[in-house]
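Subject: Structure handover

Hello,

Here is the structure I promised to pass on. Please open it beside this email and follow along.

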Amino acid sequence: MLQALKQRAIARLWFGQALSTIGDQIYGVGITWLAVGLVGADAGYMHAGQAAAMMIFSLVGGYWADRWSPVKTMVFTDMIRAGVVLFPVVWSYFSPISLGVLWFVSLALASSSAFFEPAMQTLLPRLARDRESLVSATGLMATTFRMARMVGPTIVGLLSSVIPMIHFFTVNALTYIASAFSLNSIPAIDPEATSFGGTKAQERGSIWVTIKSGYDAVKARPGVMSIFVVRAVNGGSWIVVMGLGLALFVREMTGSADARQFGLVMGSYGFGNFFGALFFGNIRRASNSFMIFGGYIWLGVMFVLMGFAPTIGWVMAAAAVAGFSGPMNDLGFIDMIQRRFPVDELARVTRLRIVLETGVWLFCMLLAPSLFRMFPVRAVIIACGVVYAACGVVGLLMKDATRET
């Protein structure tokens, strides 16, 4: 993966992405903890709003990613996001942070961020010199995201006793600004071609046409749509646990509003995630299906054990082992997509995936507050783990999904 950094443009993209994703993880811990402190399980509705905004604006963002310069889109998005996360910091000097302020920040950030990933998926193939470089660069970006999951929450866990929670938003804003400057230094590129394929961008149409083209591309590959659906269902289970369940669980176990334990639990998951990416990213992956669905089984079992954990220490250990398995399914999925689809279809296929996954996340997070009121937090976490593992077992039994290319 480090080979990709030898290309200066990719190195600049990576540097900006590393900073902004660390800021994203700091923001994620901060806003979840603040929202749970204000309204408890009803914080799930805020995550549902984020999913709805992400789904809607992914359609718009993906559509315009085919028309705008991807670099300018990403720079503009970073500057917008910096202003959004600074808003509650300024607000806090005049009035206490309210749920309405958190809603505004979460929806605005989700909406603007929906433009970023389609632009990056459009940009990467144009920066890569060949398909091998593209695979390396994609793996590098995925590993960087997992590194951020380790670094961002750990920063919150270690420093929340000396830095007010609101100023982690300030740190996030600074990472977005640094990312924008790094991205702005990328040299101009041909907006119509990949650097190694010379292919023109697909004919541009309406938003519906761009989504349908992604759907048609996926349907044309046997078994791929089934994998997309299973991935979306498990994504819904994941967001219920990681987006809301763990915050409620830590508050319940500690009886404290101190964010340190929550930050360290999330950092433990990120720690396992990062080292899992290094391990699975550097071994020969003979079977994508085994990687994807075997990873689901592993992570599901760890969620179940997390639900039975008697202490925060055991929760952290289970989270770390669960995180280590995450790259199995993600890297297997990335390999499958890059092997089965030509470069000029990658952005549209990614757009379809985002819309499908965020739709399921929306449904699950609308349901989550009721689940956490009706059942113990432990029981919901365990049930999500069972769903995860069951999807992995079903996936391994699907003939189409196990077909390798």
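Buried means under 20% relative accessible area, exposed means over 50%, and partly exposed is in between (1.4 Å probe, protein chains only). The model is predicted: local features need pLDDT of at least 70, side-chain atom pairs count only at pLDDT 80 or more, and totals for chains, interfaces and linings use all residues. Residues are numbered from 1 along each chain as its sequence is written, and side-chain values use heavy atoms, with hydrogens and water left out.

Aromatic rings

Rings of Phe, Tyr and Trp (its six-membered ring) pair if their centres lie within 6.5 Å; planes under 30 degrees apart count as stacked, over 60 as edge-to-face, and the rest as tilted. The whole structure has 16 such aromatic pairs. Tyrosine 27 and phenylalanine 169 make one of them, edge-to-face, with 5.8 Å centre to centre and 80 degrees between the planes. Tyrosine 27 belongs to helix H1 (residues 8-39) and phenylalanine 169 to helix H7 (residues 167-184), so this pair ties together parts 142 residues apart in sequence. Helices here are DSSP runs (H or I, at least four residues), numbered from the N terminus. Tyrosine 27 and phenylalanine 169 are both buried.

Next, phenylalanine 87 and phenylalanine 104. Their ring centres are 5.0 Å apart and their planes at 65 degrees, so the pair is edge-to-face. It links distant parts of the chain: phenylalanine 87 is in helix H3 (residues 70-92) and phenylalanine 104 in helix H4 (residues 99-113), 17 residues apart. Phenylalanine 87 is partly exposed, at 32% relative accessibility. Phenylalanine 104 is also partly exposed, with 42%.

One aromatic cluster is formed by Phe279, Phe280, Trp298 and Phe324.

Charges over rings

A charge sits over a ring if NZ of Lys or CZ of Arg is within 6 Å of the ring centre and within 35 degrees of the ring normal. Arginine 231 has its charged end over the ring of phenylalanine 333, 4.2 Å from the centre. Arginine 251 lies over the face of tryptophan 33, 4.3 Å from the ring centre.

Salt bridges

Side chains of opposite charge can pair when their charged atoms come close. A salt bridge is a side-chain nitrogen of Lys or Arg within 4 Å of a carboxyl oxygen of Asp or Glu. There are six in the structure. In one of them, aspartate 42 meets arginine 373, with the closest N and O atoms 2.4 Å apart. That pair links distant parts of the chain: aspartate 42 is in the loop between H1 and helix H2 (43-65), arginine 373 is in helix H13 (residues 346-374), and they are 331 residues apart. Aspartate 42 is partly exposed, at 32% relative accessible area.

Which residues form salt bridges with arginine 231? Aspartate 330 does, with the closest N and O atoms 3.1 Å apart. Aspartate 330 lies in helix H12 (residues 312-340) and arginine 231 in helix H9, so the pair ties together parts 99 residues apart in sequence. Glutamate 357 does too, at 2.7 Å, N to O. Glutamate 357 lies in helix H13, so its pair with arginine 231 in helix H9 joins parts 126 residues apart in sequence. Glutamate 357 is buried, at 7% relative accessible area. Arginine 231 counts as buried at 14%, and aspartate 330 is buried as well. A network of salt bridges links Arg146, Arg231, Asp330, Arg353 and Glu357.

Nonpolar cores

A nonpolar core is a set of buried Ala, Val, Leu, Ile, Met, Phe, Trp, Tyr and Cys residues joined through side-chain atoms within 4.5 Å. The largest has 88 residues, and Phe228, Leu246, Phe303 and Phe372 have the most contacts inside it. Helix H9 (residues 224-254) gives the most to this core, with 17 residues. Another core lies apart from it, with 19 residues, including Ala9, Val71, Ala137 and Leu183.

A buried aspartate

Aspartate 78 is in helix H3. Is it buried or exposed, at 0% relative accessibility? Aspartate 78 counts as buried. Contact means heavy atoms within 4.5 Å. Leaving aside neighbours within four places in sequence, aspartate 78 is in contact with Ser20, Phe116, Tyr176, Ser179, Ala180 and Leu183.

Best wishes

Methods
Helix = DSSP H or I, 4+ residues; strand = E, 2+ residues; numbered from the N terminus.
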